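I opened the model to check a few side chains and the packing around them. My notes follow in the order I looked.

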Amino acid sequence: GHRLRPDFEHRPLGLTAGSITAAILEASGAKPAQFRALYGRLRDSGAAALALRDSGGRQQLLQPPPPLTAAGVRSELLKLADVSGSGAERRKTQVLTRLLRAARGSEA
């Protein structure tokens, strides 16, 4: 499966579609209309994110982030379940944005 934790330790990550979309837009520099058009055609957020990035995107970083590692991504995703309170959705979006910016190839 695609679980990050064993069944007895079930804690949802609490990611909303809005958080995922906001992270994709922020990481790619795309406009919402671009994302909606790609999502409408591809019917998958990950595929739309990859297509946005492969089309060149508008966002340029001064220095590329270090490459992702499986352990690092898992650790970041597990931390999302513990984010709560005021501004939690924004903080979760920031984590996803960092991961998407660091993604290489099909990692997005």
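I began with the side chain of lysine 92, which reaches the backbone oxygen of glycine 14 at 3.3 Å. I count a polar contact as N or O atoms within 3.5 Å; within protein, one must be able to donate a hydrogen and the other to accept it, and residues adjacent in sequence count only if both atoms are side-chain atoms.

A note on the source: this is a predicted model, so I took local features at pLDDT of at least 70 and side-chain atom pairs only at pLDDT 80 or more, while totals for chains, interfaces and linings use all residues. Residues are numbered from 1 along each chain as its sequence is written, and side-chain values use heavy atoms, without hydrogens and water.

**Lysine 92**

I placed lysine 92 in helix H5, residues 88–102. Helices are DSSP runs (H or I, at least four residues), numbered from the N terminus. Lysine 92 is buried and has no salt bridge. Buried means under 20% relative accessible area, exposed over 50%, partly exposed in between (1.4 Å probe, protein chains only). A salt bridge needs a side-chain nitrogen of Lys or Arg within 4 Å of a carboxyl oxygen of Asp or Glu. The nearest side chain of opposite charge is glutamate 89, 8.7 Å away. Beyond four places in sequence, I found lysine 92 in contact (heavy atoms within 4.5 Å) with Leu13, Gly14, Leu15, Leu80 and Val83.

**Arginine 104**

Next I looked at arginine 104, in the segment after H5. Arginine 104 counts as partly exposed because its relative accessibility is 37%. A polar atom of its side chain lies 2.9 Å from the backbone oxygen of proline 65. Leaving out residues up to four places away, arginine 104 touches Arg53, Pro64, Pro65, Pro66 and Pro67.

**Cores**

Which residues make up the largest nonpolar core? I listed eight: Ile24, Leu25, Ala30, Phe35, Leu38, Ala48, Ala49 and Leu52. Such a core joins buried Ala, Val, Leu, Ile, Met, Phe, Trp, Tyr and Cys residues through side-chain atoms within 4.5 Å. H1 (17–28), H2 (32–42) and H3 (45–54) each supply at least two of its residues. H3 gives the largest share, three residues. Another core, of six residues, lies apart and includes Ala23, Leu80, Val95 and Leu96.

**Aromatic pair**

I counted one aromatic pair. Rings of Phe, Tyr and Trp (its six-membered ring) pair with centres within 6.5 Å; planes under 30 degrees apart are stacked, over 60 edge-to-face, the rest tilted. Phenylalanine 35 and tyrosine 39 have ring centres 6.0 Å apart and planes at 25°, so they are stacked. Phenylalanine 35 is buried at 6% relative accessibility, whereas tyrosine 39 is partly exposed at 30%.

Definitions and conventions
Lys, Arg positive; Asp, Glu negative; His and termini not counted.
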